Amino acid sequence: MLILKVLFRNAFRNKLRTGLTLLGITIAILAFGLLRTLISAWYAGVEASSATRLVTRNSVSIIFPLPHFYKDKIQQVNGVKTVSYGTWFGGVYGEEKNFFANFAVEPRSFLEIYPEFILPSNEKENFLKDQKGCVIGKKLASKFGWKIGDIVTLKGTIFLGNWDFLVRGIYRGRDKDTDESQFFFHWEYLNEISKKVLTLWANQVGYYIIGVARPELSGDVAVAIDQLFKNSLAETLTETEKAFQQGFVAMSGAIVAAIQIVSFVVIFIIMAVVANTMAMTTRERIGEYAILKTLGFGGGHIAVLIFGESLVITIMGCLLGVVLTFPATKVISHELGTYFPVFNVERETLYLNFVAALIIAFVAAIIPTRRAIKIRIADGLRRIG
Amino acid sequence: MAIPLSYNFRNLWTRRLTTILTVSGMALVVFVFASILMLAEGLQKTLVETGAYDNVVFLRKGSNSEVVSGVTRQQASILETFPEIAMGPKGQKLLSKEVVVLIALTKKGSDKPSNVVLRGMDENSLFLRPQIKLVEGRLPRMGSTEIIVGTSIARRFKDIGIDEKLCCGMRDWKIVGIFDAGSTGFSSEIWGDEDQFMQAFRRNGYSSVIFKLQDSSEFENVKSRIESDPRLTLDVKRENKYYADQSEIMAKFLRILGISLTIIFSLGAIIGAMITMYSAVANRIAEIGTLRALGFKRRDILIAFLLESLLLGFLGGVLGLIFASFMQLITISTMNFQTFSELAFSFSLNSQIIYMGMAFALIMGFVGGVLPAIQASRMVIVDALRAV
């Protein structure tokens with residue numbers, strides 16, 4: 001207990017310096033936590049994917065459609081429970097910067113296959129009945145102030161023209177990582193108009209979502225589906241939802257990697273700052289260390305004092321940083337909600353914060369400790385200032 | 001008389017460890033700042049250089065990339081009658097009708113698929129893009145399933161090389177050549193005969209029509225003709241503008257990310273500088289008293305300490321920029337959000353980034369040093385001399 005008291009007393013002998021160092025660590029831990037959260041937000045789609053869902057797309061690439069009649073064939077494959085399908089609509093509300101994901105889906109099977117989208121039963125009934133109806137996420141609704149009964153007009157970038165939708169329901173997410181900023185409407189509505197304006201997409205769908213009965217069947221089902229359409233005009237590629245989402249993340253992998261590297265750079269910056277503080281502290285106290293040595297304390301004792309002080313400062317800064325991370329993520333998720341619909345601090349990030357703090361504390365103390373231990377008593381006592 | 005600069009140098013040298021640590025903190029901040037700006041700059045440079053000022057691109061109204069655009073055969077033949085089109089060496093009109101689709105190819109190393117642009121060209125396409133040079137093999141024969149690939153694709157994707165085959169659209173496409181288009185977006189594309197692509201991918205229209213203007217001032221004429229002709233539901237842009245627009249969102253994203261990161265990081269570095277300078281002042285109270293007693297003014301002391309702090313910033317800036325300049329050797333390849341396809345680009349340093357990095361470093365030095373310097377200059381001579 002005594003040693004802890006000594007460490008705290010020592011740490012706050014120079015209040016200004018320690019205060020500044022603490023502030024620096026707090027900022028660094030905050031930045032580190034936010035960057036890790038940003039990376040995990042990138043992977044939110046992967047995390048939210050279910051093991052019992054498969055995605056089938058055109059094997060050439062995602063921009064090519066698949067015929068609508070594949071649905072019945074897929075349904076016959078052994079192990080398939082539900083088949084749903086949809087098309088990326090790519091509509092824009094007003095300006096392009098108001099981006100949100102919008103899909104044309106087959107509503108009944110869609111809601112069945114995605115139990116994490118929770119829709120009140122009366123809203124569900126209304127949505128199913130109205131072909132021009134749409135369902136939107138809670139976050140999206142609050143962002144644009146849309147209410148049930150409102151008419152929302154999207155401008156199509158792939159399917160040209162202005163499209164009107166009547167908001168029939170607002171869903172909320174079952175899990176923390178469910179994306180609450182999507183927009184869904186009836187595929188039939190899209191198809192009716194495609195037949196007139198974009199015949200390439202008439203009776204075509206962008207992807208199939210397949211619910212399998214048990215997760216362990218997914219490998220066999222995927223192979224069976226792709227086998228079914230081998231050598232046809234539109235060959236398919238079926239993978240688990242997780243792999244599909246991972247493919248998207250991997251496409252912008254270089255950016256994620258860059259953020260990852262940068263998140264470690266901040267640790268190095270703060271390491272330099274803390275090491276600097278410790279170097280100055282020990283430099284000032286060389287005389288004291290010489291006295292301690294004269295009294296018979298060994299190098300180990302001095303090392304404990306320096307490492308302990310470094311640890312006291314970093315851990316306190318880390319705690320402050322962690323506490324501040326939560327309100328900061330709230331602000332950011334509000335500001336960047338368009339890009340990252342799911343922005344939550346993961347438990348792993350918190351652990352990493354503490355690991356980072358420990359590493360900073362130890363690395364920062366190494367050189368100063370070496371200096372303090374190596375000093376000869378006579379030299380230490382002779383030195384002033 | 002001002003305090004000589006060598007006094008500052010010597011002081012920094014005496015506290016080497018502290019100096020090194022402070023400078024390296026700042027250098028890291030400048031490095032991150034410069035690198036991210038270089039990345040955004042590289043992306044923009046690549047896409048701006050892709051297009052030529054005199055070439056004009058026609059896309060379907062409302063579509064912002066060739067992938068989602070569509071130009072019907074009828075519209076294309078109306079465009080062919082425009083008098084503004086430049087003539088080629090063989091007396092042909094320099095107009096090309098192109099079809100663009102995305103295919104998923106597997107990347108080397110990660111084994112993950114990535115979207116690559118497949119561009120169907122006609123005999124004029126290469127005249128419109130003189131920057132494209134064949135580096136290996138030969139050009140594809142028109143009317144065959146032969147293709148050529150850009151150098152960035154050849155380098156980064158699996159099983160891409162001369163005599164290799166790509167399979168998609170129920171056909172095998174034979175790679176007969178590799179072309180280099182410098183640091184432009186075309187280096188990340190695959191080219192082949194458009195008629196073959198249209199059949200294989202069942203397209204009944206083109207994705208875009210591009211032609212070269214006879215006289216670059218005629219752009220406005222073309223634009224107004226397009227707008228007044230109800231058959232032409234098309235948008236027209238100069239080619240360089242078209243590609244520059246594609247870099248906008250991503251470059252903006254990178255810049256915002258870069259600037260907000262560096263502001264946060266710089267707080268850390270400023271604190272580092274402040275700690276160093278406060279301790280430099282605290283350790284030298286007696287020295288400051290002596291200097292004052294010798295007749296140096298308060299202002300001289302203030303300037304001396306500020307200079308020392310600025311020196312720290314300067315060293316950090318130089319070091320950070322030196323490291324950042326090595327990043328120019330690195331090329332990264334990632335998906336452009338706007339076109340949904342792979343694009344390779346490198347970090348690119350320009351004088352503006354150097355100035356900004358340096359200014360940033362000096363500001364960090366200044367902000368870190370100003371409070372300690374004021375403290376030093378305010379000391380009373382007698383008290384300072386009495387301090388041990």
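**Exercise 1. Work out how many residues chain B and chain A each bring to their contact, and which elements of chain B take part.**

Step 1. In this predicted model, the contact takes 42 residues from chain B and 37 residues from chain A. Two residues count as in contact if their C-beta atoms, placed from the backbone, lie within 7 Å.

Step 2. On the side of chain B that touches chain A, at least two residues each come from H2, strand S2 (95–106), strand S3 (113–121), helix H9 (248–283) and S11. Helices (H or I, at least four residues) and strands (E, at least two) are DSSP runs, numbered from the N terminus.

Step 3. H9(B) gives the largest share of that side, 14 residues.

Step 4. Sorted by class, that side has 24 nonpolar, 17 polar and one charged residues. Ala, Val, Leu, Ile, Met, Phe, Trp, Tyr, Cys and Pro are nonpolar here, Asp, Glu, Lys and Arg are charged, and the others, Gly among them, are polar.

A word on bookkeeping: residues are numbered from 1 along each chain as its sequence is written, and chains are lettered from A in the order in which they are written. As for confidence, local features need pLDDT of at least 70, side-chain atom pairs count only at pLDDT 80 or more, and totals for chains, interfaces and linings use all residues.

**Exercise 2. Now describe how domain 1 of chain B meets domain 2 of chain B.**

Step 1. Domain 1 of chain B is 5–48 + 248–386, and domain 2 is 62–232; such bounds come from an automatic or database domain assignment.

Step 2. Their centres, over C-alpha atoms, are 46 Å apart.

Step 3. Domain 1 of chain B puts 13 residues into the contact and domain 2 of chain B puts in 14 residues.

Step 4. For the side of domain 1 of chain B that touches domain 2 of chain B, helix H2 (16–50), strand S11 (331–336) and strand S12 (341–346) each supply at least two residues. S12(B) has the largest share, five residues.
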